[in-house]
Amino acid sequence: MRIVIKVGTSTLTHATGKLNIRRVELLCKVMSDLKNAGHQLVLVSSGAIAMGIGKMNMTRKPTDIPSKQALAAIGQCELMYIYDKLFSEYHHTVAQVLLTGSDVEDPQRHLNFQNTMFKLLEMGALPVINENDTVATAEIAVGDNDTLGAIVATNIRADLLILMSDIEGLYTADPRHDPEATLIPLVEEITPEILALADGAGSALGTGGMSTKLRAAKLVTADGADMVIANGSHPELLYDIAEGKPAGTRFAGHKEG
């Protein structure tokens, strides 16, 4: 299978913004094993700004764009160094790809992106994709990596998009406030009722929430691929998800028209 795995900031870091070493090491180990099993993998990774915050020993995420872009530049180096080091231990080669909205909206740049991605997969590399936060502004930004994951998945004709997050999946209500909330294991169709279950923003260091994940699900499932939301605290769940076993919430793909 061709699988796009998106990991959020909350999966990669502690609340301090510092790297969650044990979890990231396990993530890279499991992904390397899945590649060894014959799957083609693409990693869409958040975390550049958070890593920059940690690297510069700051305590909170700044609100102005120049500071965010500067921290992204600092953190992206650290992020790729870590991925390169950990995946190299399992004899896999990573490739950095930084995108803005313009790269998928402009026809020629869009084609260049697709050609590069298909060639990287053909070569057996593991593309690591992030939004180019160093130059992206509101006008050219994708906005969040859930949407970026969906854009990547549809562009490379992936079979599956997995969103690793700080929640187990989609619930009937917000489980942080409603003890009666139950996990929805399978969503066959994204109805207005399903969309109404979305909450607000995600963690303090991240940008995503359930609403961005449901938008991603609409994009991916309409293109025929499945999407799964799962708890990023447990990278070993990737084994079950790749085998089609129950884990988190699975959104069933269906070609429209």
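Exposed here means over 50% relative accessible area, and buried means under 20%. The model on screen is predicted.

**Stop 1: helix H6.** Select residues 107–123, which form H6. The helix has 17 residues and reaches 24 Å from its first C-alpha to its last, close to the 24 Å expected at 1.5 Å a residue. Now colour Phe113, Gln114, Met117, Leu120 and Leu121, the buried residues of H6. These residues lie on the same side of H6, because they cover an arc of only 130° around the axis. Turn to the face away from that buried side and find the exposed residues Pro107, Glu122 and Met123.

**Stop 2: the cover over H6.** What covers the buried residues of H6 includes strands E1 (2–7), E2 (40–45), E3 (94–99) and E4 (126–131), along with helix H5 (101–105) and H7.

**Stop 3: H7 against H9.** Show H7 (residues 145–155) together with H9 (residues 210–222). Their axes are 8 Å apart and meet at an angle of about 10°, so H7 is roughly parallel to H9. On the H7 side, select Asp146, Ala150, Ala153 and Thr154; on the H9 side, select Thr212, Lys213, Ala216, Leu219 and Val220. By class, this contact has five nonpolar, two polar and two charged residues.

**Stop 4: Met164.** Move to strand E5 (residues 160–165) and pick Met164. Is Met164 buried or exposed? Its relative accessibility is 1%, so Met164 counts as buried. Beyond its neighbours within four places in sequence, Met164 is in contact with residues including Ile5, Val7, Ala230, His234 and Leu238. The C-alpha atoms of Met164 and His234 are separated by 8.8 Å, although the two are 70 residues apart along the chain.

Methods. Residues numbered from 1 in each chain as written. Predicted model: local features only at pLDDT ≥ 70, side-chain atom pairs only at ≥ 80, totals over all residues. Heavy atoms only, no water. Axes fitted to C-alpha atoms, helices over the stretch in contact; angles between N-to-C directions. Helix = DSSP H or I, 4+ residues; strand = E, 2+ residues; numbered from the N terminus. Parallel < 35°, antiparallel > 145°, perpendicular 65-115°, else oblique. Contact = heavy atoms within 4.5 Å. Nonpolar A, V, L, I, M, F, W, Y, C, P; charged D, E, K, R; others polar. Buried < 20%, exposed > 50% of the residue type's maximum accessible area, 1.4 Å probe, protein only. Expected span 1.5 Å × (residues − 1). Arc of directions from axis to C-beta.
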